[in-house]
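Subject: Structure handover and findings

Hello,

Here is the structure for you to take over. My notes follow below it.

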Amino acid sequence: MKLFTNGTIHTMDPSHPTVEAVLVNDDGKIAAVGAKADLSRDGVEIVDLNGRVLLPAFNDAHIHVSWLGLQLTRWVDARNHVAPNIPTVVQKFRERAAQETPNRWIQGMGYNEALLAEGRHLNKHDLDEASTEHPIFLVRSCGHVAVVNHRAMELAGITAETPDPPGGVILRDEHGEPTGILQETAMTLAQHLIPEPTLAEKITAVQATANYLLSLGVTAATDPDVMPDWIEVYQKMADENLLDIRMNLLASRRSGDQIQPLPPKIDSDFLRLDSVKFFADGGMTSATAAISIPYRETGTKGVLIYEDEEMADLMWEAHNNGLRIATHANGDIAIEQVLSTYELVNQKQPRPNLHHRIEHLALPTDDHLERCANLHVNIATQTVFLSAMGATYRRYMPEAFFPRAYGVRKMLDAGLTVALSTDAPVVPDANPFLGLKAAVDRHDHAGNPLGAHQAITNEEALFGYTMGGALLSGDEATMGSLTPGKWADMIIVNDDPLTTPPEKMLELLVEKTFVAGEVMFER
């Protein structure tokens with residue numbers, strides 16, 4: 001047994017919010033919390049906090065673990081901090097092409113045109129400068145837009161005559177020719193041609209993300225939109241004890257025009273799957289989220305992925321089979337469609353304990369929040385977007401929407417259960433303290449407030465990054481707080497996030513990460 005003491009201990013459990021000591025059993029679960037004198041006993045290993053802070057570990061409720069792993073291990077890194085302009089992006093692809101045989105697909109991710117020096121999207125001509133012999137597929141940071149070169153378009157059969165697929169857009173120039181920019185489901189026209197990584201490469205990718213997250217104090221994560229082949233990877237890793245963080249999966253329901261089967265349920269110590277994932281619209285930063293007011297620069301109103309009837313049919317199938325539904329919905333038009341469908345399936349078959357989710361919930365109205373509360377819909381949102389992508393919001397988002405963007409204060413006041421998350425690699429840094437800071441100060445990329453009245457307290461933000469994620473995944477009985485009977489998934493931090501002002505929050509550092517009471521990361 002281990003006794004953690006001699007520091008500040010916040011449990012995130014309202015029945016005993018701050019304690020002197022935490023006793024951890026040899027089975028990796030918390031045996032007791034309370035006064036040091038009450039928990040001390042012979043043979044117990046003392047873990048001296050030396051005045052530092054012990055907290056429940058972070059839970060990132062929406063992070064693309066597989067994408068991030070591939071970016072860390074296989075893909076060309078086109079994020080703006082390493083490729084700040086188009087020539088640098090092109091050069092990175094040119095260097096990769098020199099290492100690959102002709103006709104081998106080259107993938108990359110991470111550019112954001114609002115942050116590039118040129119202020120524009122790349123196009124097929126730019127990527128042709130990297131290679132005309134290799135098909136290139138570059139995904140924007142949001143994951144809702146891709147750019148391909150001529151070779152990729154040729155292999156995919158994308159021409160001026162190719163119609164836009166349902167729920168997608170092929171951007172075209174003034175002559176009607178495709179520019180190489182593909183939005184939403186149009187991405188799959190080329191994406192389905194890219195060979196899958198091998199099983200070993202997929203396992204390496206997940207492990208790379210896990211190591212990265214453990215260094216940030218994250219011991220649990222939800223991977224949204226997981227395809228059947230990746231579900232098999234996670235299951236194999238769980239069976240062979242290769243998962244170092246606890247994973248919750250949202251199984252993909254549709255990819256392009258292909259409907260995915262309902263997944264089998266999984267419930268083990270390191271792997272859970274009982275939910276399916278839908279995309280109702282696109283992204284705020286790509287101006288493809290479905291909104292009621294035109295975007296400032298494009299004049300468009302975004303993209304709805306589903307017709308109402310198809311969404312209702314597919315959601316009913318999941319709901320009727322006892323699977324929770326998690327739906328990506330950013331814009332107010334998309335949120336309206338999703339809530340109307342949730343209401344419809346619940347009227348048809350009430351399931352009060354089946355808490356569906358909305359991912360992001362970027363621009364809800366007050367009516368939407370009230371309806372979410374009535375339906376007991378849980379929310380996974382990302383305050384980190386305010387600082388990471390504030391430049392893009394200022395460029396594209398109608399100003400009338402600024403006060404509502406990722407409005408966690410109003411969500412909580414409406415009685416909603418809210419989990420904070422990063423959506424990495426959509427944002428370049430998955431550090432939870434970035435999201436905590438943004439939730440408290442609401443500052444954009446330039447340090448200017450964006451909806452300051454939507455700020456929440458340090459404690460509310462920390463709850464959103466710990467218990468919030470556990471509540472959303474259905475793991476509130478086993479993780480999220482330092483409570484007897486739960487896993488001893490904990491972190492030691494150099495200072496107290498509950499008393500640290502936002503301007504100092506990025507100085508906070510995770511010094512140790514524990515999973516089931518064992519050190520998995522040490523600085």
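Which residues have the most contacts inside the largest nonpolar core? They are Phe-58, Phe-137, Tyr-234, Met-247, Met-284, Ile-358 and Ile-379, in a core of 121 residues.

Ground rules first. This is a predicted model: local features need pLDDT of at least 70, side-chain atom pairs count only at pLDDT 80 or more, and totals for chains, interfaces and linings use all residues. Residues are numbered from 1 along each chain as its sequence is written, and side-chain values use heavy atoms, with hydrogens and water left out.

**Cores**

A nonpolar core here is a set of buried Ala, Val, Leu, Ile, Met, Phe, Trp, Tyr and Cys residues joined through side-chain atoms within 4.5 Å. Buried means under 20% relative accessible area, exposed means over 50%, and partly exposed is in between (1.4 Å probe, protein chains only). Contact means heavy atoms within 4.5 Å.

Take Tyr-234 from the largest core. Leaving aside neighbours within four places in sequence, Tyr-234 touches Val-65, Ser-66, Val-206, Asp-223, Val-226, Leu-243, Met-247, Leu-249 and Leu-271. Another core, of 20 residues, lies apart from the largest one. Its members include Ala-130, Leu-138, Cys-142 and Val-147.

Val-65 and Ser-66 also belong to helix α2 (residues 65-73), where they are buried along with Leu-68, Gly-69, Leu-70 and Gln-71. Helices (H or I, at least four residues) and strands (E, at least two) are DSSP runs, numbered from the N terminus. The buried residues of α2 pack against β7, β8, α7 (199-215), β13 (218-226), α8 (228-239) and β14 (246-252).

Two strands pair if DSSP finds at least two bridges between them. β1 (residues 2-10) and β2 run antiparallel, joined by six bridges. Ile-9 has Val-19 in β2 as its bridge partner. β2 also pairs with β3 (residues 30-34), antiparallel, over four bridges. Val-24 is bridged to Ile-30 in β3, and Val-22 stands opposite Val-33. Five residues separate the strands of the β2 and β3 hairpin, where Gly-28 takes a positive phi near 85°.

Why is β2 (residues 18-24) largely enclosed by the rest of the structure? Because five of its seven residues are buried. β3 is largely enclosed too, since four of its five residues are buried.

**The six-stranded sheet**

Six strands form an open, mixed sheet in the order β7-β8-β9-β10-β12-β11. Its edges are β7 (76-77) and β11 (168-172), each pairing on one side only. Four bridges join β11 to β12 (residues 178-184), and the two run antiparallel. Arg-172 has Pro-178 in β12 as its bridge partner.

Helix α3 (residues 86-97) lies across β7, β8 (106-111) and β9 (136-140). α3 runs at about 160° to β8. Axes are lines fitted to C-alpha atoms, for helices over the stretch in contact, and angles run from 0 to 180 degrees between N-to-C directions.

**Pocket and cavities**

The search used a 1 Å grid over the protein atoms alone. A cavity is a set of points where a 1.4 Å probe fits but cannot get out. A pocket is an open set with protein on both sides within 12 Å along at least five of seven lines. Lining residues have an atom within 4 Å of a point. Grid points are joined across faces, edges and corners, and a volume is the space filled by probe spheres set on the points.

The second largest pocket has a volume of about 340 Å³. It is lined by 20 residues, of which His-121, Leu-171, Gln-183, Ser-286 and Thr-298 lie nearest its centre. β11, β12 and α13 (390-396) each give two or more residues to this lining.

The whole structure holds five cavities of 30 Å³ or more. The largest cavity has about 80 Å³ of space. Of its 13 lining residues, Ala-57, Thr-219, Met-479, Gly-480 and Asp-489 are the closest to its centre. β6 (58-60) and β13 each give two or more residues to that lining.

**Two residues to look up**

His-319 lies in helix α9 (residues 308-320). It counts as buried because its relative accessibility is 0%. Beyond four places in sequence, His-319 contacts Ile-325, Val-345, Asn-346, Gln-349, Arg-351, Leu-354 and His-356.

Leu-506 sits in the loop between β23 (490-493) and β24 (510-515). Leu-506 is partly exposed, with a relative accessible area of 45%. Its contacts, leaving aside neighbours within four places in sequence, are Phe-433, Leu-434 and Lys-437.

Best wishes
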